[in-house]
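Please work through each task before reading its solution.

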Amino acid sequence: MNKKGMLLAFGALLVTSLLPQGGIATAAGAAPGATARAGTAMEWSVAEATAAAVTYELQGLRQPWGLTAAASGEELLVVSSGSHNIGRWNGAAGKISAAAGSGAAGYVDGEAAAAAFRTPSFAATDAKGNVYISDTDNHAIRKFAGGKLTTLAGNGEAGYMDGEQSKARFNSPTGIAVDTEGSVYVADTLNHVIRRITPEGVVSTFAGQAPSGETGDYVDGTAAQARFNEPTGLAFDEAGRLFVADSGNHVIRVIDKGEVATLAGQKTAVDPLTGYRMGGYQNGAAADARFNRPRGLAYADGVLFVADSLNHRVRAVTANGRVVTLAGNNAAGDQIGTAEQTQFNQPSGLFYRSGKLYISDPPNGNVKALAVNPAQLQPVRNAEDLLSGIDLLPAGAAVQLWLDGKQLTSGPAPYTRENKVYLPVRSVFSAWGAELNWHAASKTAKLHKGDWSLSLKPDSKGKVVITRGALYIEASHLESLTSFLAVYDTEYRAAVLDSGQ
């Protein structure tokens, strides 16, 4: 949610360390504000944080969605939903060329240049270089190999039926993934199920049950018992677990050994106006996190990347069960630069390779690239991001205290004095999981958590004080000594902290 009150941020640490990883460049499509004739090469320099120039060629890229590897080399294939075709992006040359599809909406198999799609969305590549495409408005799964397009399953008619190839029916399929055995998995979005297609083309329902009506549901349990609501993105990990962006439920699900569970996000109330569960935005523990229409997924080295489309952000679910934001903010836009400066407009498709996460930005008509290291993620940390993930309570007599998305209600409250915010040391650090030992003789608090330690004692500059028998630390001083980010919202009278862990 957006806070209307005056925000006082206290100089978060680690900002400079975010910049080398967090630079965003436009990998393909039109740059913000750029104008050019079709086919004219343009070159421009992005923000200083990326220290690089991007060369690209305008080739009618419209509404890019899915991203996947080309059959060979370092090229990427871009599913251009609005152009009804597949583009081939050559990063070295900085050019996009047609790979498959005539550009006219239709349903035609055959040679790549003459073939036709109707609003394709996502794609995936198998170990042999075969490319599978969700041809969404043709309700079919297409296969691109050897310069030709064929239909793997479906026949252009919406419906729900398992069986062999042309007998099978889908309803607006989107997300797609391939396992190590060559089977193709499809988010059958408006049937609210996950389908599986064997290499021989036999379709079965892998998880979920198609509802009798149009709306989906939300049930964890066995694959046969589970319920989804407009599932979209799919991604496998190295253990064979299948992750699902359950878009209509605003959560991330995981299918493992025949069981469906919620990996991240929370079950929210149904909005009576839309009939959908209510989306939101919150980082922190996976069970407490909130998303808003997550779409594309990508997995790398223990990290699941999420295109959180209606939050206009790229998020990640870490191996230790935390949800963090890697780029973007709550305002839709088209901006590149540092991770905190970057703006997306409903990011949808993701593809990770060699330290870069490629992100399709459909309404902006481009693909952006974010440098990431899955082993050392650098989340966005600023006042806006911190407050937008918390539903603060109305202002009361005492100052509210929040840490990592949860309100701390026990112990002494924070207070303000001379435009400074003072935080109760024991309450904050105990909730964080640190142990505090008080040495009365020296009036020193010794804190430690694992290998981390800190000593605090009252000083003459008022950075650490004893008030009403409790030890307090001034918020900006807390930030200078730790990785904590502290924000004070004057309207809600709330001190909001993020530990960075």
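Two strands pair if DSSP finds at least two bridges between them; helices (H or I, at least four residues) and strands (E, at least two) are DSSP runs, numbered from the N terminus. The model is predicted: local features need pLDDT of at least 70, side-chain atom pairs count only at pLDDT 80 or more, and totals for chains, interfaces and linings use all residues. Residues are numbered from 1 along each chain as its sequence is written, and side-chain values use heavy atoms, with hydrogens and water left out.

**Exercise 1.** Determine which strands are joined to S27 by bridges, and in what direction they run.

*Solution.* Begin with S28 (residues 322-328): five bridges join S27 to this strand, and the two run antiparallel. Within S28, Val323 is the bridge partner of Val317. Next, take S26 (residues 303-308), which is likewise joined to S27 by five bridges in an antiparallel arrangement. Here Phe305 stands opposite Ala316 of S27.

Then inspect the turns. Four residues lie between S26 and S27 in a hairpin, and His312 in this turn has a positive phi of about 55°. S27 and S28 also form a hairpin with four residues between them, where Gly321 has a positive phi of about 80°.

**Exercise 2.** Decide whether the residues of S27 are buried or exposed, and whether Asn320 is buried or exposed.

*Solution.* Apply the cut-offs first: buried means under 20% relative accessible area, exposed over 50%, and partly exposed in between (1.4 Å probe, protein chains only). In S27 (residues 313-317), five of its five residues are buried. Arg313, Arg315 and Val317 point one way from the strand, while Val314 and Ala316 point the other way.

Now turn to Asn320, in the loop between S27 and S28. Asn320 counts as exposed because its relative accessibility is 63%. Its side chain makes a polar contact (a pair of N or O atoms within 3.5 Å; within protein, one must be able to donate a hydrogen and the other to accept it, and residues adjacent in sequence count only if both atoms are side-chain atoms) with the side chain of Thr318, at 2.3 Å.
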